[in-house]
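Could you walk me through this structure as if I were seeing it for the first time? I would like to learn how to read each feature as we go.

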Amino acid sequence: MTATLKDTTAIVGIGQTPFSRQLAASEKTLACQAVLAALDDAGISPSHVDAFASYSMETTDEVEIAKAIGAGDVTFFSRVGYGGGGSCATVAHLAAALTTGQATVGVAWRSRKRGSGPRPWRDTRAQLPVPGQWTRPYGLLRPADEIAMLARRYMHEYGATRDHFFNVALACRNRANQNPAAMMYERPLTRESYMASRWISEPLCLFDNCLETDGALACVIVAADRARDCRHRPVYVHSAAQGLPPQHHGMVNYWADDPLAGPSWTAARQLWKAADFGPADVDVAQIYDAFTPLIPLSLEGYGFCGRGEGAAFSEGGALELGGRLPVNTAGGGLSEAYVHGFNLINEGVRQLRGTSTAQVPGASTCLVTAGEGVPTSALLLRS
Amino acid sequence: MSSMMKGTTDNGLLLPVPDEDGQPFWDFAARGELRVQGCTGCRRLRFPPRPCCPHCRSFAAEWRRMSGRGRIWSYVLPHPPLLPGYADLAPYNVIVVELADARGIRLVGNLVAHPDAPLGSADPAGLRIGAPVEVAFTEIAPGVTVPRWLLERP
């Protein structure tokens, strides 16, 4: 008999700071604010937290958080790697720890000042966690360049166009225009402004790239039986998976046999294997969107359409509210805030509580994904 | 401070920072040879280089000389914001070349007009997925040579 995580735990609290290009507070202060807000939302005392999970590029560690919020004995703490690929894995690790009795109240968080702070790719001394010797001397410097290379190949192989990437950017922007907390709340996007915007790395333009944000978020997870006593309707962790496919190389995945079938495919196989429902039963999805092409790739990887069909899937308003699969209903990394995907988790929770600013009527299942293009992770949530 | 100490060329372009597995690639490049790590057990090529063969798990390897021909697999044109040395040359191209000798062995590089021409010297009209290219070598700093790529039929 194999143990299962299916519905054994639930997210019962979410919290966040404002999102802005520049916030005055430190990353540590923002982290504490988000964690305390999430615990308050759950109605759980900070002194009861005994598990923490975070992911790489986090500058505030669990020791700092625990002593600042006044946690008691902490018996589980884990850190996941790979930047935006690790967001959902924090919840997965906590779910596993709680289900196996290692702890009782878990907190995951992300605090980052990417809006006003340094850009990692500007560091010419330290080797980034990619095989830099094979790419950086040639001027393939930034994540935008690395993903643009795959995007060009994707366009070539499958006939995807800039209009498809625009469909993605527009769906996210339209949802942000409904979300007062989003950085792009009052900034509509038009096809004209998209097509006329400056290039960042051809074929990707400004609006194919995520925002630059200062901000923090957190969520609280407990066992399902305890969840029913919390302030809000529990949002159950139905299935969770990480994904590292064979011969994967991170952002510069040009050396795998099939570079356009990345970590999402691996995570998806495990995610669906452990679930009671499939892609057709997903009411709303929060898909990691550091760059627009990641969404068509992820739609394919998670099985919402066939290979090469992700771009065409975006046609006819399919990603909009009322469409076949509404995505990134708070605006995502492209238009709400870029906080390494943690805002996608919290928005998934709001959808299943019925409290999103762009609510999908009656939503009871939600897919949340971390970054495609890096070792990744994903969650299936249900109400 | 010398360019090697800074980790850049005099123009601010990044120099390769080889690891132990990758060092032979750069040593051969300095001699004008494009070589890729291959397994002496099962004979299969692998890139990037690593300690053992992912197919037969042998630790015995050699560096096999390539013909230097390939085709453009994909390409991008970076625009600012970039590191200063690169911003000066933008928009320049970065290409991925799939080697003719081994499908699946793909090298990141730059298409240039001639071996010693700067990044961005190639006519963007020549950038096309599938275009045949051949390798050339350029010494970008004293003792540091990188492969560049030229269109076979300019």
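Predicted model: local features only at pLDDT ≥ 70, side-chain atom pairs only at ≥ 80, totals over all residues.

Q: Let us begin with chain A: how many helices and strands does chain A have?
A: Chain A has 12 helices and 11 strands. Along its principal axes, the C-alpha trace of this chain spans about 55 × 45 × 45 Å.

Q: What does the radius of gyration of chain A agree with?
A: The idea is to set the value beside the one for a compact globule. With 383 residues, such a globule would have a radius of gyration near 21 Å, and chain A, at 19 Å, agrees with that.

Q: What share of the residues of chain A count as buried?
A: A residue is called buried if 20 or more other C-beta atoms lie within 10 Å of its own. Of the 383 residues of chain A, 61% count as buried.

Q: Among contacts in chain A between residues at least 6 apart in sequence, what percentage join residues at least 24 apart?
A: Here we look at how far along the chain the partners sit. For chain A, 77% of those contacts join residues at least 24 apart.

Q: Which residues have the most contacts inside the largest nonpolar core?
A: That core has 169 residues, and the ones with the most contacts inside it are Ile11(A), Val91(A), Cys219(A) and Val220(A). Helix H3 of chain A, residues 87–99, provides the largest share of this core, nine residues. Chain B takes part too: domain 1 (18–65) and domain 2 (67–154) of chain B each give the core at least three residues.

Q: Which residues is Val220(A) in contact with, leaving aside its neighbours within four places in sequence?
A: Among them are Ile11(A), Val12(A) and Gly13(A). The list also includes Ala38(A), Leu39(A), Ala42(A) and Ile44(A), along with Val105(A) and Val107(A).

Q: Is strand S8 of chain A mostly covered or uncovered?
A: S8(A), residues 235–243, is mostly covered, with nine of its nine residues buried.

Q: Which strands of chain A pair with S8(A)?
A: To read a pairing, look for the partner strand, the direction and the bridges. Strand S1 of chain A (residues 9–16) pairs with S8(A) in the antiparallel sense over two bridges. In that pairing, Ile11(A) stands opposite Val235(A). Strand S11 of chain A (residues 376–382) also runs antiparallel to S8(A), joined by seven bridges. There, Tyr236(A) stands opposite Arg382(A).

Q: How many residues does the contact take from chain A and from chain B?
A: To read an interface, consider each side in turn. The contact takes 30 residues from chain A and 34 residues from chain B. On the chain A side, helix H4 (143–158) and strand S5 (199–202) each supply at least two residues. H4(A) gives the most to this side, with six residues. By class, the chain A side divides into 12 nonpolar, nine polar and nine charged residues.

Q: Which strand of chain B is joined to S5(A)?
A: Strand S3 of chain B, residues 69–78, is joined to S5(A) by two bridges, and the two strands run antiparallel. Ser201(A) has Pro78(B) as its bridge partner in S3(B).

Q: How far apart do the C-alpha centres of domain 1 and domain 2 of chain B lie?
A: The domain assignment of chain B gives domain 1 (18–65) and domain 2 (67–154), and their C-alpha centres lie 22 Å apart. The contact between them takes seven residues from domain 1 and nine residues from domain 2. The side of domain 1 that touches domain 2 has six nonpolar, one polar and no charged residues.

Notes:
Residues numbered from 1 in each chain as written. Chains lettered and ligands numbered in written order. Contact = placed C-beta atoms within 7 Å. Helix = DSSP H or I, 4+ residues; strand = E, 2+ residues; numbered from the N terminus. Nonpolar A, V, L, I, M, F, W, Y, C, P; charged D, E, K, R; others polar. Pairing = 2+ DSSP bridges. Rg over C-alpha atoms; globule rule 2.2 N^0.38 Å. Buried ≥ 20, exposed ≤ 12 C-beta atoms within 10 Å, placed from the backbone. Core = buried A, V, L, I, M, F, W, Y, C linked by C-beta atoms within 7 Å. Domains from an automatic or database assignment.
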